[in-house]
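Student: Can you walk me through this one? I'd like to start with strands and turns.
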Amino acid sequence: METQKKAHGGSVTSLSQTEGGLYLLSSGQDEQVRCWDMTNGENTFTNFGSAACADVKSIGAAVSFNSCYPGLLYLPNGSDVSVYDILTGQHITDLSGHFGRINAVCYNKVIPQLYSCSSDCTILVWEPPGPSDKMDDSSAPTKTPYQDSWSDSDND
């Protein structure tokens, strides 16, 4: 009989896999994110800090893909999407735009876009920076829908 290991100290609320299947990321009601090395099934002990929401039953997280780098983890966190570096666990930024709790996110690797859906009855489309772009506050992903282009000031 195979020995089972506990992945989290509470319910596991999301799973996301990197392209190629090298890493599996899980989040749980214990407010932790774990990165699992799928070559041996072991926890990599990457420190994401207190990243997950304890009060939700399930959320959908997403991973961005890059052929040279495992990518970024996009994790719903209340009405924001928190962005983490997969290998270091470093919190990079929060994406804000929803007015209700985000239920899931999805990354489209064909058209590099992130989609988030919320209890506010909306789906937002985000355009993450490219793999060579340095991610800081000025290059954080931006919402694309419903932005007007007809005026840049009230004086025009």
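Tutor: Helices (H or I, at least four residues) and strands (E, at least two) are DSSP runs, numbered from the N terminus. Two strands pair if DSSP finds at least two bridges between them. This is a predicted model: local features need pLDDT of at least 70, side-chain atom pairs count only at pLDDT 80 or more, and totals for chains, interfaces and linings use all residues. Residues are numbered from 1 along each chain as its sequence is written, and side-chain values use heavy atoms, without hydrogens and water.

Student: OK. How many residues sit between strand 10 and strand 11 in their hairpin?
Tutor: There are 4 residues between them. The two strands run antiparallel, joined by 4 bridges. Cys121, in the turn, has a positive phi of about 70 degrees.

Student: Is Cys121 buried or exposed?
Tutor: Exposed, at 76% relative accessible area. The cut-offs: buried is under 20%, exposed over 50%, partly exposed in between (1.4 Å probe, protein chains only).

Student: Switching topic. Where is Leu25?
Tutor: In strand 2, residues 23-28. Leu25 is buried, with 2% relative accessible area.

Student: What does Leu25 touch?
Tutor: Contact means heavy atoms within 4.5 Å. Leaving out residues up to four places away in sequence, the partners of Leu25 include Val33, Phe48, Leu73 and Ile86.
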